[in-house]
Amino acid sequence: MITARIPIRTHVLTEKDDIVDVVKKYTGDIVEPGDIVTVAESVVAITQGRAILPETVRPGFLAKILCRFPGKDGSLATPHAMQLAIQETGTLQILLGVAAAAAGRLVGRRGDFYRVAGHHLALIDDVAGTMYPFEKHIVLGPKDPQQVVDRIRDAIGAGAVIVDVNDTGNVDILAVSKGVDTGGLTRDLADNPFGNDDQQTPIVILKMAG
């Protein structure tokens with residue numbers, strides 16, 4: 001049972017930071033064994049160098065065509081984001097995802113594109129609108145999130161979670177360290193306690209009842 005949530009303010013994180021060192025630095029005096037440290041997936045990706053300016057991407061013909069199919073508010077609705085998705089996954093897998101999505105819509109089912117092409121593509125934030133200096137970047141999902149949470153757990157001696165939460169109540173748990181019970185996490189994070197704008201609180205410590 002969670003007894004408190006503590007948002008942790010950090011400096012503006014960039015690719016020059018190691019997210020494990022950041023978590024240890026800012027939570028070391030607060031976190032205790034049994035706590036859970038939750039980290040927003042976008043800052044993990046940023047520290048991995050996965051925030052990309054659209055003008056550095058050259059969309060191919062396929063990307064220019066396929067980006068027309070997602071809704072205009074979708075994360076792959078621009079040629080630049082779709083090109084990065086193709087580079088992440090490969091042309092064949094993207095085309096299989098498109099075919100699956102088309103077939104799914106015939107029977108009123110949604111989400112088949114990501115089920116086939118890869119759930120990691122749903123984590124792409126197309127011009128994310130996060131805090132400066134990344135408000136005009138495309139931010140990909142983090143690489144090897146399980147390895148990251150395992151490293152954090154070893155560094156701080158407490159549970160670690162990487163999570164994608166938005167302001168509409170959607171909670172996507174990407175990775176959890178060993179021993180973390182995810183049962184109540186979706187409920188406890190649904191109101192999005194993270195602050196990725198000028199709040200600069202991409203880490204939240206969940207204090208657990210003893």
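Is Thr27 buried or exposed, and what is its relative accessible area? Thr27 is buried, with a relative accessible area of 0%; buried means under 20%, exposed over 50%, and partly exposed in between, using a 1.4 Å probe and protein chains only. Before going on, keep in mind that this is a predicted model, where local features need pLDDT of at least 70, side-chain atom pairs count only at pLDDT 80 or more, and totals for chains, interfaces and linings use all residues. Residues are numbered from 1 along each chain as its sequence is written, and side-chain values use heavy atoms, with hydrogens and water left out.

Back to Thr27, which sits in helix α1 (helices are DSSP runs of H or I with at least four residues, strands are E runs with at least two, and both are numbered from the N terminus). Setting aside residues up to four places away in sequence, Thr27 touches Ile8, Ile156, Ile203 and Ile205, where contact means heavy atoms within 4.5 Å.

In sequence Ile30 and Ile205 are 175 residues apart, yet their C-alpha atoms lie 8.4 Å apart in space. Ile30 also contacts Ile6, Ile8, Asp35 and Lys207, neighbours within four places left aside. Ile30 is partly exposed, at 31% relative accessible area.

Now for the interior. In soluble globular proteins, nonpolar side chains tend to be buried together. Here the largest nonpolar core has 34 residues, and Ile19, Val23, Val37, Val39 and Ile152 have the most contacts inside it. A core of this kind is a set of buried Ala, Val, Leu, Ile, Met, Phe, Trp, Tyr and Cys residues joined through side-chain atoms within 4.5 Å. Strand β5 (residues 159-165) gives the largest share of this core, five residues. Another core lies apart from it, with 18 residues, including Ala63, Phe113, Ala117 and Ile138.

The ring centres of Phe113 and Tyr114 are 5.1 Å apart and the planes are at 80 degrees, so the pair is edge-to-face (rings of Phe, Tyr and Trp, the last by its six-membered ring, pair if their centres lie within 6.5 Å; planes under 30 degrees apart are stacked, over 60 edge-to-face, and the rest tilted). Phe113 is buried, at 12% relative accessible area, whereas Tyr114 is partly exposed, at 26%.
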